[in-house]
Amino acid sequence: DYQGIPALNHSTLKQMGKSAAHARYYETHPSKQSEAMLLGAATHDACLLPLEFWKRYCCRPEGIDRRTKEGKLAYQKFLDENVGKQPLTLEDYDLCVNMQSAVAAQPQAERLISKSFREVVLIWTDPGTKLLCKARLDGLTEDCTALDLKTTTDASPDGFARSVARYNYDT
């Protein structure tokens, strides 16, 4: 299990850029998954691991008022029929499916994804610091091209460049 590997990853090192105390807190206090993080994980699975997407996620039914007894029963029935799956709103579910179709329709992306090993874990010792580090690549091709799928609210060149800088994707 990747999370159990006792090594530093990008997220921890990003916190280390603030301070060692920030990194320690990050490691010992896992954050709850935000809606944006859930959508990112679902998009990742839809585009890179489509069979896993269908196993891990389901579309939450619309129009159920969970404040009523009938609504609570209907929602519980839905949960019982989808044990182990993460419910997504119809909007997010459709977004994931449409993104998967859009990525698959791009010949270069489809070629890279179809010829890559997925979820490749790398472990190494940084020569400068002697720290044990780890990374999990979304994909790795035979010629060692690393794939990293990112979602963004602004895919324009300037907008994505801002996301790269804000989230330190380039480090």
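In the predicted model, the axes of helix H3 (residues 35-48) and helix H6 (residues 90-104) approach within 9 Å and cross at roughly 40 degrees. H3 is therefore oblique to H6, a class left after angles under 35 degrees (roughly parallel), over 145 (roughly antiparallel) and 65 to 115 (roughly perpendicular) are set aside. Axes are lines fitted to C-alpha atoms, for helices over the stretch in contact, with angles from 0 to 180 degrees between N-to-C directions. The crossing of H3 and H6 is right-handed, the near helix being turned clockwise from the far one by less than a right angle. On the H3 side the contact (heavy atoms within 4.5 Å) involves Glu35, Leu39, Ala42, Thr43, Ala46 and Cys47; H6 contributes Asp92, Leu95, Cys96, Met99, Gln100 and Val103. This contact comprises 8 nonpolar, 2 polar and 2 charged residues, where Ala, Val, Leu, Ile, Met, Phe, Trp, Tyr, Cys and Pro count as nonpolar, Asp, Glu, Lys and Arg as charged, and the others, Gly among them, as polar.

H3 also gives two or more residues to the lining of the second largest pocket, as do helix H7 (107-114) and strand E5 (146-147). A pocket is an open set of points on a 1 Å grid where a 1.4 Å probe fits, with protein on both sides within 12 Å along at least five of seven lines, and lining residues have an atom within 4 Å of a point. The pocket holds about 230 Å³ of space, a volume being the space filled by probe spheres set on the points. H7 supplies the largest share of the lining, 4 residues.

The protein has 8 helices and 5 strands, taken as DSSP runs (H or I, at least four residues; E, at least two).

Residues are numbered from 1 along each chain as its sequence is written. Local features need pLDDT of at least 70, side-chain atom pairs count only at pLDDT 80 or more, and totals for chains, interfaces and linings use all residues, while side-chain values use heavy atoms, without hydrogens and water.
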